[in-house]
Structures are given as structure tokens and as C-alpha cells.
Amino acid sequence: MENSLIFDFGFHNGDDTDFYLAKGFKVVAAEANPVLIQKGIERFGKQIGEGRLILLNKAVSAAAGTTTKFFIHREKSDWSSCLQELAESDGSKAEVVTIETTCLSELCRQFGVPRYLKVDIEGCDLLVAGQLSELQRKPKFISFETSKRDYAGLFAHLYVSGYTQFQLINQANNAERKAPECTGEGNKIDYKFSQYSSGYFGDDLPQGRWLSYDETLVRYIKYKELKQIDNQELGLGWLDLHARRDD
């Protein structure tokens, strides 16, 4: 592969990293929750030992080498966040830990620019999107989990950073998604995604569904309107925004 590196920001339980490793990629993964890091070390000890996975117990933030508070939801680990209001949005009281920070530019300096960057860090995705313009070279493919609070900023940062083609992927469908007939990314494998996996990326996404910035933004706004009308039937699931560069 021309570039076999992937950054996984928001490692969580490691299901996305597992897919990337199975496809033959090397992965640098960041996760702020120390409990999930320990589980990741136990799950991927072999790949870590082989140098195929670098697992960092750090929070991706605006700058590297500082510390930040990280709020861990006691029952729903995927709700944990550097933003207290998100981690405690259901009225629960989060466990608070202090975690060292890193940032996109620092990891690119250390490990190189990845082919694909996956970002799902509960409310802090916009910080990463804003750092794209600082990179002289940028990932060819990138994805962010969208939300009504940050979608406009995500679209804007991707556009000004030179990303020209976009797809919206409903994550609720990933567990039922079939493997593409032609594999454009890494090894061709028979793989079953877990319920909350980020799924396929890059050239493994349907080639006929790449759209322009304007078309994709309009589609997201329509989806958001449906979600506001009926979140149970019309606006099902949650969306990842994928983007690609032509260079």
C-alpha cells in the first residue's frame, strides 16, 4: 500500500482498530479512558508487540503536552468526553480523571500523515477539524461523527482544507452492511462489523455516492430536519461525514 497508516481518534473498545488491522494497516490510536486503554492492551497485545498498533492513553485536544480533565460516564463509556456537559447529559455524575493531551499536528510529526483519519471523540471533533489547515500534507480520507452542534464547523473546516468530495454514512446500518465487491483499501476480507463500528472508509465506500460540498450539506440539513420531526422513525440512526481529497 502507498500509505498504510491510519489514525483512530476515539479508540473506545477497539472495534474500528480491529478492522483496520485486519485490512493490513498500521494504526495509531488515541483513547482518553485509561480503563479502555488497558482492555485494548489485553486485546491487541500481539499487534502492539509487532509494532502494527500504537495505543496512546491521551486526549486529542487543541495542543500537545498539556493535561485536561476527562469525564467518564459510569455506565455508557461511549458518552465519556472532555466536555462535562456531554458526559453528564443524562443527569448522571461522571468520574473525573486527568489525562495528558496530544493533537493532530504532533501525531503527524511523530508518525507521519495517515491515509485515513477517523475522528469520534464526543464533542471535541471540531478541534481536530480546525487543525487540518495547519498541516502541509493532509490525510487523503477523513471522517467525523456529526452532530447538530458542530456540523456547520466540520463542513467548513473540511472545505477550506481542500476536501472536495463527501459522503454521509448512517452508522446504524453498519452491522448489516455487506462487503464491497471491489476492495480499494488494503486486504480483501470477510468482516462482520459490531453495532457501533465506524465501518468502511475511503475507496471501500460506494464510489457513486461521493457528492459535492453543497449537495452533502443540503442532505445533512434535510436529515437533521427529519430527526427533529421524528427521531424514532424518520431520522433514524446517526451520521458520519466522510471526505476525500483529489490529490
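Modeller: What follows treats the helix pair and then turns to the strands. The model is a predicted one. Two packed helices are described by the angle between their axes and the distance between those axes. For helix H7 (residues 151–160) and helix H8 (residues 213–229), the axes come within 11 Å and cross at roughly 170°. Angles over 145 degrees count as roughly antiparallel, and H7 and H8 are therefore roughly antiparallel to each other. On the H7 side, the contact is made by Tyr-151, Phe-155, Ala-156 and Tyr-159. These residues meet Tyr-213, Thr-216, Leu-217, Tyr-220, Ile-221 and Lys-224 in H8. Sorted by class, the contact of H7 with H8 has 8 nonpolar residues, 1 polar and 1 charged.

The strands come next. Strands of a sheet pair through backbone hydrogen bonds, either parallel or antiparallel. Strand S9 (residues 165–170) is joined to strand S10 (residues 239–244) by 6 bridges, and the two run antiparallel. Within this pairing, Gln-165 has Arg-244 in S10 as its bridge partner. Of the 6 residues of S9, 5 are buried, so S9 is largely enclosed by the rest of the structure.

An open sheet is formed by 3 strands in the order S4-S6-S5, with mixed pairing. Its edge strands, S4 (59–60) and S5 (67–72), each pair on one side only. S4 runs parallel to strand S6 (residues 95–102), and 2 bridges join them. Here Val-60 stands opposite Thr-102 in S6.

How values were computed. Residues are numbered from 1 along each chain as its sequence is written. This is a predicted model: local features need pLDDT of at least 70, side-chain atom pairs count only at pLDDT 80 or more; totals for chains, interfaces and linings use all residues. Side-chain values use heavy atoms; hydrogens and water are left out. Axes are lines fitted to C-alpha atoms, for helices over the stretch in contact, and angles run from 0 to 180 degrees between N-to-C directions. Helices (H or I, at least four residues) and strands (E, at least two) are DSSP runs, numbered from the N terminus. Angles under 35 degrees count as roughly parallel, over 145 as roughly antiparallel, 65 to 115 as roughly perpendicular and the rest as oblique. Contact means heavy atoms within 4.5 Å. Ala, Val, Leu, Ile, Met, Phe, Trp, Tyr, Cys and Pro count as nonpolar, Asp, Glu, Lys and Arg as charged, and the others, Gly among them, as polar. Two strands pair if DSSP finds at least two bridges between them. Buried means under 20% relative accessible area, exposed over 50%, partly exposed in between (1.4 Å probe, protein chains only).
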